[in-house]
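Trainee: Can we go through this one together? I'd like to start with the ligand.
Mentor: Fine. Here it is.

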Amino acid sequence: MDGCLFCKIINNEISAEKIYEDENVLAFLDINPINVGHTLVIPKNHSDSLLDTPIEDWLSVSEVAYRLAPKIKDAVDADGINIGMNIGAPAGQVIFHTHLHIMPRFSGDGYKLWKGTPYKDEQEIQTVADRIRSKI
Ligand code: 5GP
Ligand code: ZN
């Protein structure tokens with residue numbers, strides 16, 4: 001798509017450190033990694049976010065991530081991995097071309113996961129579950 005940074009990387013109009021490529025998927029190193037080896041896996045077909053990604057593209061991206069994650073972990077000698085996706089600006093999405101983050105983690109790297117807050121009571125958790133089930 002015109003003006004999309006990641007489409008430009010796919011089309012070699014902007015350089016990136018590509019680590020894997022096939023017909024449908026590209027994986028390349030994040031330019032501003034949370035840790036070394038931080039990799040972005042993207043479908044070659046442009047979509048803005050997972051919410052408008054055809055399921056075939058998502059399945060291709062997730063299969064590549066599944067295969068790459070342990071290899072990246074080994075290559076940088078990481079202790080763990082976070083895999084994540086930011087969907088929408090409020091969730092932290094900055095680049096509006098669907099991408100999955102593979103983020104190597106090291107013991108003591110200092111990153112903290114989000115803190116959870118329990119539901120108020122059984123009524124609240126049931127109401128939320130009912131609302132979600134009603135959409136499925
Ligand atoms: P988001 O916040 O949209 O989920 O993540 C976008 C990611 O793209 C960020 O982690 C950012 O560092 C990365 N990024 C932004 N611009 C470039 C670029 O030009 N090249 C590469 N390789 N990564 C980029
Ligand atoms: Zn794009």
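Trainee: Which atom of ligand 1 does a backbone N or O atom of I95 lie 2.9 Å from?
Mentor: An oxygen atom of ligand 1. That is a polar contact, meaning a pair of N or O atoms within 3.5 Å. This is a predicted model, where local features need pLDDT of at least 70, side-chain atom pairs count only at pLDDT 80 or more, and totals for chains, interfaces and linings use all residues. Residues are numbered from 1 along each chain as its sequence is written, chains are lettered from A and ligands numbered from 1 in the order written, and side-chain values use heavy atoms, without hydrogens and water.

Trainee: What about V94 and I31?
Mentor: A polar backbone atom of V94 is 2.7 Å from an oxygen atom of ligand 1. For I31, a backbone N or O atom lies 3.3 Å from a nitrogen atom of the ligand.

Trainee: How much of ligand 1 does the protein bury?
Mentor: 82% of the 520 Å² that ligand 1 exposes when taken alone. Those areas come from the Shrake-Rupley method with a 1.4 Å probe.

Trainee: New topic. Which residues make up the largest nonpolar core?
Mentor: There are eleven, among them V25, V41, A65, L100 and I102. A nonpolar core is a set of buried Ala, Val, Leu, Ile, Met, Phe, Trp, Tyr and Cys residues joined through side-chain atoms within 4.5 Å, and buried means under 20% relative accessible area (1.4 Å probe, protein chains only).

Trainee: Which element gives the largest share?
Mentor: α2, with six residues.

Trainee: And what does A65 touch?
Mentor: V41, L100 and I102, leaving out residues up to four places away in sequence. Contact here means heavy atoms within 4.5 Å.

Technical notes. Buried means under 20% relative accessible area, exposed over 50%, partly exposed in between (1.4 Å probe, protein chains only). Helices (H or I, at least four residues) and strands (E, at least two) are DSSP runs, numbered from the N terminus. A polar contact is a pair of N or O atoms within 3.5 Å; within protein, one must be able to donate a hydrogen and the other to accept it, and residues adjacent in sequence count only if both atoms are side-chain atoms.
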